[in-house]
Amino acid sequence: MPKKLFRAVVSDLDGTLLNEHHMIGDFTIDTLNRLEQNGVDIILATGRNHTDVSSILAKIGAERAVMITSNGARVRDMAGNLIYSNSLPEDLVFELYKTPFDDTKVCLNTYQDEGWFINKEVPALKKFHQDSGFMYEVVDFSKHHARSVEKIFFIGKTPEDLVEVEKYLREHFGDRATIVYSTLSCLEVMNKNVSKGDALAHLLTQRDYGLEDCIAFGDGMNDVEMLSSVGRGCIMANADERLKQACPQLEQIGSNQNESVAKYIQLQFGIK
């Protein structure tokens, strides 16, 4: 049976396309470069902000790639031009700012069109943004505005630190927002029905192919809709166990530290 000819590769970043140091490897860069030269579209779908993703695309040297960012709240082209947007309503944002949490164990963040905001200094977060230099601004959320909020997210020192936060969010906002883990210790809130899969579907209304013509890779619970809706969804060996349980029908490949997405792409598309 011949291999299916996919038109696009859609990939998450952290834990998937990026290595364990949250950097893109040379083998992956070379593979994606050749993939695009072969006429296959590259779509990066991530919880990150587009500023971060732009720096990664610059390393790849891609010319036609598209960025799905903030778990699907935004879609932009290579130049940063906005293709699709779905923000949290301002009144809902002000309510979310008041979510109770233990400030010694959890930090509150937002991605907004004008940047990344956080309630306190967390130097450890800098390791995720070495390529782009994208960095937060510390603010008092009781006085902060709620304009153009892509997502609100809570980062705990351990997964257990977010248990009560998740319970509160689901009880108070479960019918008005999308609440999902991007990693074991990062709980994210977007507008209702926002997901990478939904954003991809919006993007493809402008293309001459559909979801069934895409192959996608991911490792977190924020990848469920994307992986489940495309022609082939692949889960990383290092993925969140909850994702493996949620999508048992999907193929599992190697780990991100071995650049397994690039290896899989080379086999699938016959790149040598």
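The model is predicted: local features need pLDDT of at least 70, side-chain atom pairs count only at pLDDT 80 or more, and totals for chains, interfaces and linings use all residues. Residue numbers start from 1 along each chain as its sequence is written, and side-chain values use heavy atoms, with hydrogens and water left out.

## The chain as a whole

The chain has nine helices and 14 strands. Helices (H or I, at least four residues) and strands (E, at least two) are DSSP runs, numbered from the N terminus. With a radius of gyration of 18 Å, close to the 19 Å that the globule rule gives for 272 residues, the chain is as compact as a globular protein of that length. That radius is taken over C-alpha atoms, and the globule rule is 2.2 Å times the number of residues to the power 0.38. The C-alpha trace spans about 55 × 35 × 35 Å along its principal axes.

Of the 272 residues, 57% count as buried. Here buried means under 20% relative accessible area, exposed means over 50%, and partly exposed lies in between (1.4 Å probe, protein chains only). Among contacts (heavy atoms within 4.5 Å) with a separation of 6 or more, residues 24 or more positions apart account for 59%.

Two strands count as paired if DSSP finds at least two bridges between them.

Strand 4 and strand 5 form a hairpin with four residues between them, and G80 in the turn has a positive phi of about 90°. Within this antiparallel pair, R76 has L82 as its bridge partner in strand 5. Strand 12 and strand 13 pair in the parallel sense, and there F217 has C234 as its bridge partner in strand 13.

Strand 10 and strand 11 run antiparallel, and I179 stands opposite V189 in strand 11.

| Strand pair | Sense | Bridges |
|---|---|---|
| Strand 4 and strand 5 | antiparallel | three bridges |
| Strand 12 and strand 13 | parallel | four bridges |
| Strand 10 and strand 11 | antiparallel | six bridges |

At the start of helix 3, a side-chain oxygen of N49 reaches to within 2.8 Å of the backbone nitrogen of T51. Buried residues of helix 3 include V53, I56, L57 and I60, and its buried residues pack against helix 1, helix 2, strand 2, strand 3 and strand 4. G61 follows helix 3, with a positive phi near 80°.

Eight of the ten residues of helix 9 are buried, including V261, I265 and F269. Just after helix 9, G270 takes a positive phi of about 65°.

A nonpolar core is a set of buried Ala, Val, Leu, Ile, Met, Phe, Trp, Tyr and Cys residues joined through side-chain atoms within 4.5 Å. The largest has 53 residues, and L35, F217, I265 and F269 have the most contacts inside it. F269 touches F6, V9, L35, V40 and I215, not counting residues up to four places away in sequence. Apart from that core lies another, of 23 residues, among them L92, L96, V139 and V189.

E121, in the loop between strand 7 and strand 8, is exposed, with a relative accessible area of 55%. The side chains of E121 and Y136 are joined by a polar contact of 2.6 Å. Such a contact is a pair of N or O atoms within 3.5 Å; within protein, one must be able to donate a hydrogen and the other to accept it, and residues adjacent in sequence count only if both atoms are side-chain atoms.
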